Amino acid sequence: MRRPVANIIAVVAAFATFFPIYWMVLSALKPAGEIQSLDARPWTLSPTFEHFQRVLSGENFSRYFVNSLIVALSVVVLSALVAFLAAVAVTRFSFRFRTTVLLMFLVAQMVPVEALTIPLFFLVRDIGTVVPGVGLNTLGALILVHLAFSLPFAIWMMRGFVAAVPEALEEAAMIDGAGRGAILWRVLFPLVAPGLVATSVFSFIAAWNDFIFARTFIISAKDNQTLPAALLVFFKPDENDWGGIMAASTLMTIPVLVFFIAVQRKLVSGLAGAVKD
């Protein structure tokens, strides 16, 4: 009895998750007349790619795509590296205020992004006067802010993976003559790689879909805008271009799906390891 009920719940949940994506792609393929029609139908007999052509031929769309890719990949690489080293530090070494540091990571997850946007604006503005490349209107500002928001979760999650690795492996490698660096990168790193992949997926999605920070820190430099902020071009005072909005949103979804499929196996094993730990 439980299994059929569970299957029904899974099917309903899958449908509720998939239907918005289906409607987005369908709206991107519908002619403008069908999108604006009051008689909305979950299909179209005359699909068209005119909305995609208009989006791809639009001004600076490729530039915005590259900007989003630079920000997302930079955040993924930097957060994985820093989270791995920080997780090793808080797991393998004893120092004062270690528990306090871990609690601060947990508390940082509870603070709403909206509450920190204005303070971060002034902080980034002041940092930009001292450090070139990370001030307002720069991609460095987005990378820095997303890195700060992704690290608490990544460190807290990686701590479980590092703690699950037996210290006997490190001691055996040390007896064989391996140094601390060799143990770190040749013993620990391969074992916790699935955990790094799992945290990287969340970091990539958060950075790729960001709108608040992109609108806050990229004020006048249009060449440094990212895709979510560039979607505002299709929102007009008199009438929104829903075909363009849905086509651009579909194109934005493709890199996330590609990244997810590429790391799917590592992600599943990483999440399984996190649950087991």
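Me: Before we start, helices here are DSSP runs of H or I with at least four residues, numbered from the N terminus. Where is F97 found?
Reply: This is a predicted model, so local features need pLDDT of at least 70, side-chain atom pairs count only at pLDDT 80 or more, and totals for chains, interfaces and linings use all residues. Residues are numbered from 1 along each chain as its sequence is written, and side-chain values use heavy atoms, with hydrogens and water left out. On that numbering, F97 sits in the loop between α4 (61-92) and α5 (98-108).

Me: Is F97 buried or exposed?
Reply: Buried means under 20% relative accessible area and exposed over 50%, with partly exposed in between (1.4 Å probe, protein chains only). F97 comes out at 52% relative accessibility, so F97 counts as exposed.

Me: What is the phi of N137?
Reply: Most residues other than glycine have a negative phi. N137, in the loop between α6 (113-128) and α7, isn't a glycine, yet its phi is positive, near 65°.

Me: At what angle do α7 and α9 pack?
Reply: Axes are lines fitted to C-alpha atoms over the stretch in contact, and angles run from 0 to 180 degrees between N-to-C directions. For helix α7 (residues 139-164) and helix α9 (residues 180-208), the axes are 10 Å apart and the angle is about 160°.

Me: Which residues of α7 make the contact with α9?
Reply: Contact means heavy atoms within 4.5 Å. From α9, the partners include V192, L196 and F202. On the α7 side they are H146, S150, F153, A154, M157, M158, F161 and V162.

Note on methods
Helix = DSSP H or I, 4+ residues; strand = E, 2+ residues; numbered from the N terminus.
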